[in-house]
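I opened the notebook to log a few look-ups in this model. The entries follow in the order I made them.

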Amino acid sequence: MKLTDKMDAPNLVAAQDGALLLLTASGAWGIRQGATCEKLITQVALRLTHSVICVDLKKVSFLDTAGAWLLQRFQMEQAEQGRQVQFLYEDERFDILLREVDREDVDNPPEKVSGNSFLNYLAGVGEATRQLGRDTRDVLAMLGGLTATVTAAATHPRRLRPVSIAVQFQRSCMGAVPIVCLMSFLIGGIIAQQGGFYLKQFGAEIFVVDLSGILVLREIGVILTAIMVAGRSGSAYTAELGSMKMREEIDALQVTGLRVTEVLILPRLVALMIALPILVFMANLAALFGAGLTCWWYLDIVPNSFIAQLQAAVTVDTLMVGVLKAPFMALIIGLIACMEGMKVEGSAESLGRHTTVSVVKSIFMVIVVDGVFAVFFASIGF
Amino acid sequence: MGQERTEPVSGQGTGRDLVDEREVLLRARDVTVGFGQKLILENLNLDVYRGEVLGFVGASGTGKSVLMRTVLGLNPRRSGSIEVFGQDYDEATDDMRREIEKRWGVLFQQGALFSSLTVKQNVQVPLREHLKLSARLRDELALLKIEMVGLPLDAAEKLPSELSGGMIKRAALARSLAMDPDLLFLDEPTSGLDPIGAAEFDDLIVKLKETLGLTVYMVTHDLDSLHSICDRIAVLSERRVLVEGTIEDMMQVEHPWVKSYFRGARALKRV
Ligand SMILES: Nc1ncnc2c1ncn2[C@@H]1O[C@H](COP(=O)(O)OP(=O)(O)O)[C@@H](O)[C@H]1O
Ligand SMILES: [Mg+2]
C-alpha cells in the first residue's frame with residue numbers, strides 16, 4: 001500500500017429475506033472510516049423490526065479493530081433487545097478480530113462518582129481544609145529540618161555544603177547582576193524624570209535628588225530586585241526540585257542517605273540570602289546612576305551638585321533600611337519556591353501549576369514583608 | 001581494524017526470491033548518526049518488509065534507540081536517506097508527513113505517556129487529532145485498546161504517575177495501537193513486564209499481525225519474543241547492522257557477541 005492509496009468507502013445495505021434481515025456490508029471498515037461506519041450502523045439499528053439479522057461481511061475489503069468493535073457493539077446492543085445478529089464471513093481473520101474485540105465491559109465504562117452536588121461541595125471544603133493542614137505541616141517540617149541542619153552544621157561545617165552554596169550563588173547572584181542592574185538603571189532614570197517633570201514647575205527640581213535617593217534606597221531597589229529574583233531564581237528552584245520529584249530523584253537521594261533539606265534546599269536558601277542583599281546594593285547603585293544621568297540631561301543638575309545633594313539627603317541608615325530587608329525576602333522566596341517544588345506530583349501540568357504558584361506567592365509575600373517592615377521601621381523611628 | 005568481519009547473513013532459510021519481492025515499508029540507506037565526535041551509527045542499511053516482525057537486538061548502548069529515533073525523524077543524521085511507506089521522509093510535504101504519522105505507532109523505551117492526561121485520554125490523543133469520531137466511539141475504542149493490552153479497566157482513569165512500570169509500558173502500547181497503524185515501532189516493549197504479561201504481549205502482536213497485516217519494528221532483549229514472534233532478527237553492532245536473518249540463521253553466526261547472545265548459557269537454559 002502506498003501513501004496515496006485510498007480505501008473504498010464503507011457501505012451497509014439492508015435487504016429483506018423472509019423473516020430474516022440481511023445486511024450487506026462492503027468497502028473498508030477501518031478506524032479511518034469509523035465515523036461513517038458508526039453512522040451507517042446506527043441508522044440501520046433505528047429501523048429494525050426483525051428478530052434475526054444476518055450481516056454479510058464477505059464484501060468487506062478491510063476490517064480492523066475499530067470496525068470489528070462497531071459490529072460487535074451492534075450485536076451486543078441487539079442481543080439486549082432480544083434480537084439475534086449473525087455475521088457471515090469467509091475470512092478467518094475477521095473471526096479472530098471479532099473475538100478479540102468481544103469485550104462487554106468496554107461498553108460500560110466505569111462510572112464516575114457524581115452524587116449530590118451539595119455533598120460534593122462539602123467534601124471539597126473538607127478536602128481543602130485537610131490540604132491546608134498538610135501544607136502547614138509540610139512548611140513546619142521543612143523549617144524544622146532546616147533548623148536541625150543548621151544546628152548540625154554548627155559543629156560540622158562541612159554539612160553546610162559550601163561548594164553547593166557557591167554553585168547556587170553563582171547561578172542566582174552572578175547571573176542576575178546584568179538584568180537587575182539594567183532594570184534598576186532604567187527605573188532610577190524614570191523616577192527622576194517623572195519627579196523632575198512636576199517639581200520643575202515649582203522650581204524645586206533639586207529635590208528630585210532627595211526623592212529618588214530615598215525612594216530607591218528604602219523601597220524601590222529592594223522590592224524590584226526581590227521581584228526579579230522571585231521570577232528568576234524562585235521559579236527555577238521550583239522547576240528543578242519539581243522535576244527531580246517527578247522523576248523520583250528526590251526519593252533516590254533519600255534512600256542513599258542524603259537529606260533533601262541538607263543537599264538541595266539549604267544551599268539554595270543560603271545562597272539566595274547572601275545573593276539578594278548584594279543584588280539590592282548593586283541595584284541601588286545602578287538606580288542612583290540612572291537618576292543622576294537623567295538629572296544631568298533632563299534637569300541640568302550637574303553630577304557634582306547631584307552628589308552633594310544626595311549626601312545631604314540620605315545616610316547609611318537609609319541604605320541599610322533597604323538592604324536589611326533583603327535576607328528576609330530571600331528567605332521567603334526560597335522557602336516558598338522549595339515548598340512548591342516539593343509539592344509537585346507526577347504530571348507536567350502539576351509542575352507548571354506549582355511554578356506559577358511559587359512565583360505569584362513569593363511576589364505577594366515580598367510585598368507583605370515589605371509592608372510589615374514599613375510598620376516596624378516607622379514604629380522604631382528608623 | 002584487525003578484527004575479522006562477519007558477513008551479513010540474509011534470510012537464506014526463507015528463500016531469497018520471496019523476500020526480494022515483498023514490499024519494503026521502511027528503507028534506510030547509508031545512515032550515519034553521531035553525537036559530537038562520536039559516531040553511533042555508520043553507513044547503516046536496513047529494510048523492513050510489509051507484514052513482518054523484525055526483532056532488533058544489540059548490546060546496551062549500541063544505538064538501537066538512536067536508530068529508531070533517527071528513522072522516526074527525531075534525531076538529526078549526518079548522511080543517508082530514510083524512506084517510509086515508499087516516501088522519503090525528508091522530502092515529504094507536511095500533508096504527507098501527517099499521513100505517515102497517522103500510519104505508524106510508536107512505543108518509546110520510557111513509555112513517554114503525556115503526564116497530565118489519564119491513560120484513556122492518552123490513548124485518545126491520536127484519535128482526537130486525526131479522526132472525527134463520536135465521543136462515545138472514541139471512549140469505547142480507547143477502552144478496547146486498554147483491555148487488549150491487558151490493563152484492567154480501572155487503569156483507564158489513572159494518571160501515568162499512578163501506574164507501575166509495566167503498566168506504563170502497556171498503556172504506551174495501547175496508545176501506539178490507537179490508530180490501528182500499519183507500522184509499529186516498539187522500543188523494548190516487554191522489559192518491565194512479568195513473563196506472563198510478556199507472553200500475552202507476544203500473542204497480541206501475532207494476532208494483530210495476522211489480522212491487520214501489521215508490520216512491527218521491535219527492539220527487544222526478550223529471547224522468547226525473538227523465538228516466537230520475530231520473522232527476522234537484525235543485530236546492531238559495530239555501528240551497523242552486523243547480521244540479519246531468521247532465528248535459525250542467528251544460531252549459525254560465529255560472531256562472539258551474537259554467539260553468546262543466542263547460544264550462551266541464558267539462551268540455552270530456556271530450551
Ligand atoms: N542525545 C544524545 N547525546 C549524546 N549521546 C547520546 C544521545 N543519545 C544517545 N547517545 C549515545 O548513543 C549511544 C546509543 O544509545 P541508545 O540508542 O540509547 O542505546 P540502546 O542501544 O541501548 O538503545 C549511547 O552510547 C548513548 O550514550
Ligand atoms: Mg534503548
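Entry 1: I looked up B:S65 and found 23% relative accessibility, so it counts as partly exposed. My cut-offs: buried is under 20% relative accessible area, exposed is over 50%, and partly exposed is in between, with a 1.4 Å probe and protein chains only. B:Q109 has 29% relative accessibility and therefore also counts as partly exposed. Helices (H or I, at least four residues) and strands (E, at least two) are DSSP runs, numbered from the N terminus.

I note the ground rules here. The model is predicted: local features need pLDDT of at least 70, side-chain atom pairs count only at pLDDT 80 or more, and totals for chains, interfaces and linings use all residues. Residues are numbered from 1 along each chain as its sequence is written, chains are lettered from A and ligands numbered from 1 in the order in which they are written, and side-chain values use heavy atoms, with hydrogens and water left out.

**Entry 2: B:N75.** I moved on to the loop between α2 and β4 (79-84) of chain B, where B:N75 lies. Buried or exposed? B:N75 is buried, with a relative accessible area of 12%. Leaving aside neighbours within four places in sequence, I find B:N75 in contact with B:F35, B:V66, B:R69 and B:T70. Contact means heavy atoms within 4.5 Å.

**Entry 3: the domain record.** UniProt, in an unreviewed entry, places "domain: ABC transporter" at residues 26-263 of chain B. UniProt positions are given in the numbering used here, feature names are shortened, and annotations may be inferred rather than shown by experiment. I read 40% helix and 26% strand over residues 26-263 of chain B, with the end C-alpha atoms 30 Å apart.

**Entry 4: two helices of chain B.** I checked helix α6 (residues 165-177) of chain B against helix α7 (residues 195-212) of chain B: they pack at an angle of about 5 degrees, with axes 13 Å apart. Axes are lines fitted to C-alpha atoms, for helices over the stretch in contact, and angles run from 0 to 180 degrees between N-to-C directions. α6(B) and α7(B) are therefore roughly parallel to each other. Angles under 35 degrees count as roughly parallel, over 145 as roughly antiparallel, 65 to 115 as roughly perpendicular, and the rest as oblique. On the α6(B) side the contact uses B:R170, B:L173 and B:L177; on the α7(B) side it uses B:G197, B:E200, B:F201, B:L204 and B:L208. I sort the residues of this contact into 5 nonpolar, 1 polar and 2 charged. Here Ala, Val, Leu, Ile, Met, Phe, Trp, Tyr, Cys and Pro count as nonpolar, Asp, Glu, Lys and Arg as charged, and the others, Gly among them, as polar.

**Entry 5: two helices of chain A.** At what angle do helix α4 (residues 117-155) of chain A and helix α9 (residues 260-299) of chain A cross? Their axes cross at roughly 90 degrees and come within 10 Å. α4(A) and α9(A) are therefore roughly perpendicular to each other. A:M142, A:G145, A:L146, A:T149 and A:V150 of α4(A) meet A:T261, A:E262, A:I265, A:L266 and A:L269 of α9(A). I sort the residues of the contact of α4(A) with α9(A) into 6 nonpolar, 3 polar and 1 charged.

**Entry 6: A:I165.** A:I165 lies in helix α5 (residues 162-172) of chain A. At 11% relative accessibility, A:I165 counts as buried. Beyond four places in sequence, A:I165 is in contact with A:L160, A:P267, A:V270 and A:A271.

Entry 7: A:E248 has a positive phi of about 65 degrees although it is not a glycine. A:E248 is exposed, with a relative accessible area of 54%.
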